[in-house]
Amino acid sequence: MAVTDERLRRMEEVARKRQFGLRVVLEDLENARNISAICRLCDAFGVQFLHVIHRGIKPIILDKRASAGSHQWLTVIQHPSIEDCLNELRSMGFRIYATHVDATAKEFTQVDYTGRVAIVLGNEGHGVSETARQLADERIVIPQVGFVNSLNVATATAIILAEAFRQRRAAGLYDTPELSESERNELIRQWLEREKVMAPSRD
């Protein structure tokens, strides 16, 4: 089925707002619904690059209802270890913010998200690894006042990304494309190809 002009304009509009400098890193998440929900959040807030630490041989299977098909719009980069991932991001000029509750952690609203920033979220049971904490530039925490001092990882991602979006939008980072024209065109080409593949499953 040929793409309509309206559909192409929508893709161009979305591509213009995709953020190169805001990344999400998922370290050893086990629940497919959580990963899928985070894919949906990344798409909503313009995060194009999702980094996943996944040591398994089999590919990650997402929950299609939780992701609402959003994974097809993302660039998912798989890494064999958190060291490989964070060292690569640091070499690209990214600051690393690891979510972790301890006395040295800053409230998530007290750090700057307007530069190149990667937000690391950890396993549902034990959080981010000691390696991730040591490699991070900052440890960040969402303050809470309830009896249970923990949040679902997808919920935590939503809260942090909303703050990152607020800061970056106020700084005008969604007004001027971060991706070059050639990068945006390549992204649109990939989206069109994936949409062709996905189309039969929606019928």
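Colleague: If contact means heavy atoms within 4.5 Å, what share of the contacts between residues at least 6 apart in sequence join residues at least 24 apart?
Modeller: The share is 82% in this protein chain. This is a predicted model, in which local features need pLDDT of at least 70 and side-chain atom pairs count only at pLDDT 80 or more, while totals for chains, interfaces and linings use all residues. Residues are numbered from 1 along each chain as its sequence is written, and side-chain values use heavy atoms, with hydrogens and water left out.

Colleague: How many helices and strands does the protein chain have, then?
Modeller: There are 7 helices and 7 strands in the protein chain, taking helices (H or I, at least four residues) and strands (E, at least two) as DSSP runs numbered from the N terminus.

Colleague: And in what order do the elements run from the N terminus on?
Modeller: Reading along the protein chain from the N terminus, the order is α-β-α-β-α-β-α-β-β-β-α-β-α-α.

Colleague: I keep looking at strand E7; which residues does E7 cover, and which way do they point?
Modeller: Strand E7 takes in residues 138-141, with Glu138 and Ile140 pointing one way, whereas Arg139 and Val141 point the other way.

Colleague: Why would neighbours in a strand point opposite ways?
Modeller: Because in a regular strand the side chains alternate between the two faces of the sheet.

Colleague: Are those four E7 residues buried or exposed?
Modeller: Glu138, Arg139, Ile140 and Val141 are all buried, which means under 20% relative accessible area, with exposed being over 50% and partly exposed in between (1.4 Å probe, protein chains only).

Colleague: What about the whole protein chain, how much of it counts as buried?
Modeller: Of its 203 residues, 43% count as buried.

Colleague: Back to E7; in which sense does strand E4 pair with E7, parallel or antiparallel?
Modeller: E4, which spans residues 95-99, pairs with E7 in the parallel sense over 3 bridges, where pairing requires that DSSP finds at least two bridges between the strands.

Colleague: Which E7 residue does Tyr97 stand opposite?
Modeller: Tyr97 faces Glu138 across that pairing, and Glu138 is one of the two E7 residues that point the one way, Ile140 being the other.

Colleague: How many bridges join strand E5 to E7?
Modeller: Strand E5, made up of residues 106-107, is joined to E7 by 2 bridges, and these two strands also run parallel.

Terms used:
Contact = heavy atoms within 4.5 Å.
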